[in-house]
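Please read this short report alongside the structure.

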Amino acid sequence: MGSSSDWETMEHAAKTLEELGVPYEKRVVSAHRTPDLLFEYAASAEQRGIEVIIAGAGGAAHLPGMTAAKTVLPVLGVPVESKALKGLDSLLSIAQMPGGIPVGTLAIGKAGAINAALLAAAILGAKHGAIREALRKFREAQTQKVLTNPDPARTTVAVGSAGAVVATVQPLRSKRKRS
Ligand code: RP5
């Protein structure tokens, strides 16, 4: 990610990778503050055994595009929500790469960070069966969670790691007045 201030968003990608059992590393590498580090990081990633890069950045977010320019590994970009333009600047900076150097661009913010991890797992799943199966289980648990909670007024108390509902409570009914 481009700054430690991006962690609030990018930790959702990290958590999702952990849930799926995908090994990862997390680093702050800034395109404008540490450009030499960015070049070195992206150019050596393949050699170090990295298979997919998730790059989160905000504002004039050139980190994902510059990273993609220095490696043939798939690069997934997460537009971090900026204060000035709510992440629209980040989104366009990442998505609007000229033809030739693609960055797979996700949604702005938390949803994008989660989906970047899921998409990375899908890419890795083509080669690593255990990751493909972990992704399948994640989907099944997600589906099951919706099916076991059809009533939006009911509150789920606890959901197991596999998505199994442990208990639910009904909202308190208002007491009737005695006549
Ligand atoms: C970008 O500038 C980072 O990705 C971050 O989203 C944004 C602001 O960075 P800070 O000024 O908070 O370090 O490079």
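Ser30 sits in the loop between helix 1 and helix 2, where helices are DSSP runs of H or I with at least four residues, strands are runs of E with at least two, and both are numbered from the N terminus. The model is predicted: local features need pLDDT of at least 70, side-chain atom pairs count only at pLDDT 80 or more, and totals for chains, interfaces and linings use all residues. Residues are numbered from 1 along each chain as its sequence is written, and side-chain values use heavy atoms, with hydrogens and water left out.

Ser30 is buried, at a relative accessible area of 5%; buried means under 20%, exposed over 50% and partly exposed in between, with a 1.4 Å probe and protein chains only.

The side chain of Ser30 makes the polar contacts tabulated here. A polar contact is a pair of N or O atoms within 3.5 Å; within protein, one must be able to donate a hydrogen and the other to accept it, and residues adjacent in sequence count only if both atoms are side-chain atoms.

Apart from neighbours within four places in sequence, Ser30 is in contact (heavy atoms within 4.5 Å) with Gly2, Pro35 and Leu38.

Turning to the sheet, three strands form an open, parallel sheet in the order 1-2-3. Strand 1 and strand 3 (104-105) are its edges, each pairing on one side only. Strands pair if DSSP finds at least two bridges between them. Strand 2 (residues 75-80) pairs with strand 3 over two bridges, and Gly77 has Thr105 in strand 3 as its bridge partner.
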